[in-house]
Amino acid sequence: MSKKNIAILGSTGSIGTQALEVIEANSDLFQVEVLTAQNNADLLIEQAAKFQPNAVVITNEALYDKVFAALDPLNIKVYAGEKALGGVVESDSIHLVLTALVGYVGLLPTIRAIKAKKQIALANKETLVVAGELITQIALENRVDILPVDSEHSAIFQCLVGEDINPIEKIILTASGGPFRGKDLDFLKTVKKEQALKHPNWDMGAKITIDSASLMNKGLEVIEAKWLFDLKAEQIDVIVHPQSIIHSMVQFEDGSIKAQMGLPDMKLPIQYALGFPHRLKSDFPRFNFTDYPSLTFEKPDLDTFRNLGFAFEALAKGGNMACIVNAANEIAVDAFLKDQVGFLEMSDIIEKCMNTVSFIQKPVLEDYVQTDAETRKLANQYI
Ligand code: MN
């Protein structure tokens, strides 16, 4: 395998820092070309000093001077602002772009990277949720692979290796159920962010942890799976599997089911995407069956956790509906993290936006940008 040059969008977040651990452990295979961060200038500077990329972007322009002063003497180019993200990914020296940004902000740089024919390791699921039809279309036109980093989608992707000629009957996405599995509406009415941020199995960023607690994360992943694997809504099942050992499954037309298993550790799917098609040797802790004498499965509770149902509705409706759900959810989660709305009110905000924002059946890029802005404005009014 020849050395791969990698750009990491969102290098200071949970996925970004774990990706750098993978790269450091495989420095004969990977070289860091670009690092970007939104606000964490100190960590970005530390990472850049260590990995010596060509360029960095600090999205928050107020932090430019600080980053420039630290990295210019090291001959590292420093850019600022969201727009700069789209430019740095086009550099000739880059082979693969890991999109580890959180939320809608990943959309435009991902489009630029695909058009520049970079391989994409996609950890920014919102990009496919917002504009899956457009993204898969331009990826096809530019013959760009989209390699999933999300653990469930990586599992499905791994199950499909060698199965090119065999149609998928359905996929089974597993969900941990999050910290509030089995709880009722009365309980959820009063929960605070501190409780929602305690995920039983996975150590992740704040936004995705809240999404996991509300099952919105699984809803976003259903939509992500539709686009990654070209599926119909009826071909996607969700099952709650509290141990998070089976990361997801594929059922083929002969009835056979393949599963991908392992301890819940994001470094594994990150490394699989970066190293694909190779499996790289790792010293990650190994799964031991006798430590888990029972793996259990249950139906998701859609009456209590309404967001998962909204995602299936958005999938059935098509057009810009998933973009509406995503934008409303981003605003709702942000408000919940600021103690401005309760846990259940997040679903109310999403539902109101789905019923109110103008529906567009065949959106183009400008429509997604417009829908996102309109939905954010409206959602903020409901807070
Ligand atoms: Mn996931």
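Student: Which residues coordinate the manganese ion?
Tutor: In this predicted model, Asp150 (OD), Glu152 (OE) and Glu221 (OE) coordinate the manganese ion at 2.1 to 2.2 Å. Donors are N, O and S atoms within 2.8 Å of the metal (3.2 Å for Na, K and Ca), and water is not among the atoms, so sites may look incomplete.

Student: How are the donor residues spaced in sequence?
Tutor: The spacing is D-x1-E-x68-E. Asp150, in the loop between β7 (146-148) and α7 (151-160), and Glu221, in helix α11 (residues 216-229), link distant parts of the chain, 71 residues apart. Helices (H or I, at least four residues) and strands (E, at least two) are DSSP runs, numbered from the N terminus.

Student: Is Asp150 buried or exposed?
Tutor: Asp150 is buried, at a relative accessible area of 10%. Glu221 is buried too, at 1%. Buried means under 20% relative accessible area, exposed over 50%, partly exposed in between (1.4 Å probe, protein chains only).

Student: What does the chain cross through from β2 to β3?
Tutor: Helix α2 (residues 41-51), in a right-handed β-α-β crossover. Right-handed means that, with the strands pointing away from the viewer, the path from the first strand over the helix to the second runs clockwise.

Student: Any numbering or cut-off caveats?
Tutor: Residues are numbered from 1 along each chain as its sequence is written. Local features need pLDDT of at least 70, side-chain atom pairs count only at pLDDT 80 or more, totals for chains, interfaces and linings use all residues, and side-chain values use heavy atoms, without hydrogens and water.
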